[in-house]
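Me: I'm new to this one and would like to get my bearings. Can you walk me through it, one question at a time?

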Amino acid sequence: MGDGMNQLPPDPTLEGIPAWRWMARGKRLLKLSGIILLSLAAILLVTLLYLKSRPLPPPDIPMTTKVYDIRGNLIDQMDRGEHRDPVQLRDVPRHLILATLAAEDRTFYDHFGLSLRGIARAALVNLREMRIAQGASTITQQLARNLYLTSDRTWSRKWKEAVLAVQLELHFSKDKILEMYLNEVYYGNGAYGIQRAAQTYFGKPAKQLTLAESAFLAGLPRGPKWYSPYTSMERVKRRQHAILDTMVRSGWITPSQAARAKAQHIALAPKPKPSPSRAPYFRDYIIQTAINRYGLKESELRGGGLRIYTTLDMDMQREAEEAVKRYLGNREGLQGALLAIDPKNGHIRAMVGGKDYRTSQYNRVFARRQPGSSFKPILYLAALEKGFTPVTKLESKPTAFPYEGGTYRPANFRNRYAGRPITLREAIARSDNVYAVQTHFLIGRDRLVEMARRLGFTSPFKPVPSLALGSIPVSPYEMTRAYAALASGGVLTEPVGILRIEDAEGKTIAESRPEQRRVASEAETFVLTHLLRSVFESGGTGHRVKQIFPYPSAGKTGSTDWDGWLAGYTPDLAATVWVGYDRVKKLPHEEGRLAQMIWGTFMQKSHSGKSARTFTVPDGVKGVYVDPDTGHLATKRCPKVRWEYFIAGTEPKESCPVHPSPETEEKGGGSLWDWIRKWIPGL
């Protein structure tokens with residue numbers, strides 16, 4: 001065969017091909033590569049545009065809502081079990097941000113939500129182990145997982161996490177993502193978010209954290225239980241040192257700064273203990289007001305990081321709670337309620353809905369019970385409008401009142417009657433029921449219903465004879481609102497509990513606007529107020545109160561077989577107290593009087609240290625000395641004299657005929673007041 005038979009045949013793909021064909025093939029290959037790259041870029045662009053167009057679920061980072069009193073003192077806080085206070089990135093020190101990046105994601109500001117180097121490293125480990133043994137989560141991925149996913153270690157969850165991380169990067173700036181992360185991440189011991197962590201571990205806001213404290217906290221999210229300083233301080237310090245070293249290698253701090261931080265003593269705040277709720281009945285009222293009046297959802301209130309600024313005065317609230325507990329605490333089943341309002345603006349200063357919130361959350365401030373005689377001031381205000389005066393006299397004796405429904409026979413307490421005509425002042429002081437019912441009939445029974453509506457009562461009133469004695473149930477809330485209108489000179493103000501609500505960003509989302517309207521004249525309400533002061537004087541049904549609370553005040557007691565009331569006011573505060581049993585059970589008279597003791601004690605404590613203010617006499621009122629027995633102008637011979645206020649024009653014009661003065665006998669007229677003015681020029 002010869003040597004030629006041993007030679008390989010020429011490769012047809014290599015020999016005989018001109019150089020221009022090589023170049024053509026290279027161009028085709030480059031063109032194909034370009035098409036592939038452009039296609040991949042287009043696919044990537046379309047994918048990014050698609051992810052950008054898809055709305056992310058709203059970030060659900062529960063924030064603790066806080067409720068403050070009128071002075072900015074914390075009353076209570078509400079959350080969904082995650083104690084978290086919002087903080088903005090600008091209020092966080094730079095070294096805390098750098099410590100967090102060193103601990104969790106050094107290239108955070110360089111990647112698009114995913115770390116390719118981290119993914120490659122984790123992939124090799126996971127392939128070798130044939131399971132998800134290691135993650136490569138960036139801060140963005142951690143945020144995506146915490147906001148939207150579970151912590152299950154599955155391939156599908158990791159894929160969803162990656163997609164959501166990219167979406168977060170497309171929808172939010174890097175700073176916003178980092179801010180959300182710092183507010184969301186768990187630092188252990190019930191502290192969610194960096195602000196609560198700083199308070200929990202160091203008792204200070206995040207903006208005051210030192211470099212050492214920042215590195216200390218930055219290491220906790222990796223394993224909140226494992227790195228708990230209350231379990232192993234040494235373990236936490238080692239992680240703190242590692243984070244500081246990383247910050248040095250990254251050029252973010254100097255070695256000397258790291259050394260000083262490592263040497264700094266870490267002084268932990270005492271481990272937080274759960275504290276009981278303060279003013280819980282008021283807190284519940286605030287929640288319902290925010291929902292029903294301002295349209296907020298309960299989920300917003302309990303997880304929206306809101307700041308609710310209220311009208312409550314915690315000093316008064318404590319006094320109210322202590323007064324109720326002092327007089328009712330040891331009496332099984334006996335309950336009480338107290339509401340106090342500033343009559344000038346309707347601000348609720350104290351609210352107690354029961355003697356123990358832990359055993360009963362029912363707020364009795366809004367429970368309707370028969371008010372008894374404490375309802376009579378509404379009747380007598382209507383009577384003053386119809387021409388009654390403080391010296392208007394009616395008989396106090398057993399009386400039957402026929403009406404369209406039959407015959408009504410009211411009775412006085414323990415069947416005690418004066419057996420003679422008594423004045424309006426005496427009827428109020430003695431709480432004479434016959435006088436009240438006579439008044440009800442004389443002015444027209446519809447007048448009382450109309451006046452009650454003007455004063456804000458919403459109970460279903462009917463003009464029955466017993467309405468004059470408080471037979472229709474009303475709530476302490478309604479009573480206090482009405483009495484506050486009397487204290488303010490006839491201006492009804494809707495009670496206010498919330499001043500304003502701010503969201504987590506500090507923006508005001510709800511604000512109260514005073515709702516006020518005049519419902520009675522200043523002159524008539526002042527005359528009524530002056531009459532109601534006799535309730536606390538000697539012989540009045542509330543005379544015990546004066547021994548506890550000597551300040552100028554007006555009010556009215558009320559009692560039924562089941563209820564004890566006292567509603568009253570000073571120029572600065574209106575308050576109502578109710579006592580009784582929740583279930584149908586008669587209230588002994590001595591227990592009903594506890595309402596007076598609670599009211600007097602609370603008012604005394606609330607006004608302690610303040611100067612006593614009396615009620616200002618308005619225009620349209622005239623004061624004269626009268627003989628309380630006859631109701632005429634007093635003379636210098638009258639054995640009893642009282643300074644009485646009248647609506648101008650209704651004051652008595654004639655001198656006392658029983659005790660005429662010499663001047664009256666000689667000149668045919670005159671009064672003690674005229675005699676005083678004669679001898680004291682300028683009056």
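Me: Let's start with helix α4 (residues 139-148): how many of its residues are buried?
Reply: Keep in mind that this is a predicted model. The buried residues of α4 are I139, T140, Q141, Q142, L143, A144, R145 and L147. Helix α4 is therefore largely enclosed by the rest of the structure, and the buried count is 8 of the 10 residues.

Me: And what about helix α19 (residues 522-532), how many residues are buried there?
Reply: The buried stretch takes in A523, E524, T525, F526, V527, L528, T529, H530, L531 and L532. So α19 is largely enclosed by the rest of the structure, with a buried count of 10 of the 11 residues.

Me: Stepping back, what share of the chain is buried?
Reply: The secondary structure comes to 24 helices and 20 strands. Over the 683 residues in the chain, the buried share is 51%.

Me: Is T100 buried or exposed?
Reply: T100 belongs to helix α2 (residues 94-104). Its relative accessibility is 3%, and the cut-off for burial is under 20%, so T100 counts as buried.

Me: Which residues does T100 contact, if we skip its neighbours within four places in sequence?
Reply: One of them is I139, which is also among the buried residues of α4.

Me: How are helix α7 (residues 194-202) and helix α8 (residues 211-218) oriented to each other?
Reply: Their axes come within 11 Å and cross at roughly 110°. An angle from 65 to 115 degrees counts as roughly perpendicular. So α7 and α8 are roughly perpendicular to each other.

Me: What classes of residue make the contact of α7 with α8?
Reply: On the α7 side we find I194, A197, A198, Y201 and F202, and on the α8 side E213, F216 and L217. By class, that gives 7 nonpolar, no polar and 1 charged residues.

Me: How are helix α14 (residues 376-385) and helix α17 (residues 445-454) oriented to each other?
Reply: These two pack with their axes 9 Å apart, at an angle of about 110°. Their crossing is right-handed. Given that angle, α14 and α17 are therefore roughly perpendicular to each other.

Me: Which classes of residue make up the contact of α14 with α17?
Reply: From α14 come I378, L379, L381, A382 and E385, and from α17 come R447, L448, M451, A452 and R454. Sorted by class, they are 7 nonpolar, no polar and 3 charged residues.

Me: How many disulfides does the structure hold?
Reply: Take C638: its closest cysteine sulfur is in C656, 3.7 Å away, which is too far for a bond. A disulfide needs the two sulfur atoms within 2.5 Å. For the structure, the number of disulfides is 0.

Me: Is C656 buried or exposed?
Reply: C638 counts as buried, at 8% relative accessibility. For C656, the relative accessible area is 1%, so this cysteine is buried.

Methods
Residues numbered from 1 in each chain as written. Predicted model: local features only at pLDDT ≥ 70, side-chain atom pairs only at ≥ 80, totals over all residues. Heavy atoms only, no water. Axes fitted to C-alpha atoms, helices over the stretch in contact; angles between N-to-C directions. Helix = DSSP H or I, 4+ residues; strand = E, 2+ residues; numbered from the N terminus. Parallel < 35°, antiparallel > 145°, perpendicular 65-115°, else oblique. Contact = heavy atoms within 4.5 Å. Nonpolar A, V, L, I, M, F, W, Y, C, P; charged D, E, K, R; others polar. Buried < 20%, exposed > 50% of the residue type's maximum accessible area, 1.4 Å probe, protein only. Left-handed = near helix turned anticlockwise from the far one by under 90°.
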